[in-house]
Amino acid sequence: MAKTASFTCTACGASYTKWSGRCESCGDWNTIIEEAPLSAGPASKSLGAKRGSSIALSDLAGTEVPPPRTVSGLDELDRVLGGGLVPASAILVGGDPGIGKSTLLLQGAARFASNGLKTLYISGEEAAAQVRMRARRLGLAEAPVKLGAETNLRDILTTLEAERPQLAIIDSIQTMWADNVDSAPGSVSQVRAAAHELTAFAKRRGTSVILVGHVTKEGQIAGPRVVEHMVDTVLYFEGERGHQFRILRAVKNRFGPADEIGVFEMTGAGLAEVVNPSALFLSERGTPSPGSVVFAGIEGTRPVLVEIQALVAPTPHSQPRRTVVGWDGGRLAMILAVLEARCGIPFAGLDVYLNVAGGLKISEPAADLAVAAALLSAREDAALPAETVVFGEISLSGALRPAPQTESRLKEAQKLGFTAAIAPAGGKTGTDASLSLTRATDLTGFVGEVFGAG
């Protein structure tokens, strides 16, 4: 019986039974294409013709323990991976063009190879001589890494079968093409097929595979979301072009904590590790000014101190502006509404600009109180004390909720020389007398305590 044709959106990966001009899932026009059937061969060679095997979970009790993780020596990379590279794992690394993905992975490949892993770096975007030139610039010309330049998936899998490396890096998954898939390289079908074959090879042969993925203008890894479900770990390499900081963030990790971050600094000799991110993020902080507040946050398992900057100014427009960099714009609207409804402090007729210094993106709710403090400081033109950190979550009722890992946040602040902290009531502190801790139960009390009004 012949397979029925399927149609897939090249923008979001949504599937349809018939063609249409507009994708109902993402709203894009002329992005739906016809895909070849999954298997058009004889029944004996089709998927499902061969019966698979199964094993009881209890029978695995006496099996051999898998080899331990392999560390690269780049502590920030090992931290994000969950403590090192797991054998037979599939890792997807995404990031903006030119942000430093290839540089990071070439440095990581050299470190892993120096630690005894047989490493193969395959580039579909550069010639082998160009990769070697970049390695020479980074001081890695003598690293025992094998290089390849190929885009045909069949040839790549044949090479992997022959070489049997312990680590294979594919740069990038969008340039790979399978000759049995009738579509152009970079399409949804090609990306899905290439990711499936490479992930299956990793599980079958015990090779760790790292795939590089491009991102869309929305900041998501291009291609179908099913690719992120196939792999074990998804990492995003983030950073602003105007800053030298680069942040490697884990958004999915089957072998370690998610939302862990590693911080790097882009230099002329490649990416350098940042041992103390808090000190680096605060290094450019000058004399405290109105609208500047230091937030004690948690990224993954590590505490990070970062400066939050706010500017409030009268607007010449009928609709005030709300511009946010590094934080959620919807969360800012909520904070402004709570300040007006619960504290009687309006921001109507005022432009509001909010920025997280250093190019870091914050997502945890514990930044609410620091954002509110920065907004009030900018509105009242009153600077907070220089050696004070602020953190806490604000509810819609105006109450303050304690943030998790309060003790870690305060210890990090003490280590960097801060002498005062403002936090919600509740939560274990474990600090000594050298740090003055101010507790607040609600937003009205916080406004009255810090700014003398309520």
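**Salt bridges and a sheet**

Arg-331 is partly exposed, at 23% relative accessibility. Keep in mind that this is a predicted model. Which residue does Arg-331 pair with? It forms a salt bridge with Asp-368, and the closest N and O atoms are 2.7 Å apart. Arg-331 sits in helix H8 (residues 329-343) and Asp-368 in helix H9 (residues 368-380), so the pair ties together parts that are 37 residues apart in sequence. Is Asp-368 buried or exposed? Buried, at 0% relative accessibility.

Next pair. Asp-232 forms a salt bridge with Lys-203, with the closest N and O atoms 2.4 Å apart. Lys-203 belongs to helix H5 (residues 188-205), while Asp-232 lies in the loop between helix H6 (226-230) and strand E9 (233-238), so this contact links parts 29 residues apart in sequence. Asp-232 is buried at 3% relative accessibility. Lys-203 is partly exposed at 42%.

Third pair. Glu-393 and Arg-401 meet at 3.6 Å, N to O. Glu-393 is partly exposed at 21%, and Arg-401 is partly exposed at 45%.

Seven strands form an open sheet with mixed pairing, in the order E15-E16-E14-E13-E17-E20-E21. Strands E15 (322-325) and E21 (436-440) are the edges, each pairing on one side only. Neighbouring strands are turned by 25 degrees on average, direction ignored. How many bridges join E14 to E16? Seven, and the two strands run antiparallel. Pro-314 has Leu-350 in E16 as its bridge partner.

Terms used. Residues numbered from 1 in each chain as written. Predicted model: local features only at pLDDT ≥ 70, side-chain atom pairs only at ≥ 80, totals over all residues. Heavy atoms only, no water. Pairing = 2+ DSSP bridges. Helix = DSSP H or I, 4+ residues; strand = E, 2+ residues; numbered from the N terminus. Axes fitted to C-alpha atoms, helices over the stretch in contact; angles between N-to-C directions. Salt bridge = Lys/Arg side-chain N within 4 Å of Asp/Glu carboxyl O. Buried < 20%, exposed > 50% of the residue type's maximum accessible area, 1.4 Å probe, protein only.
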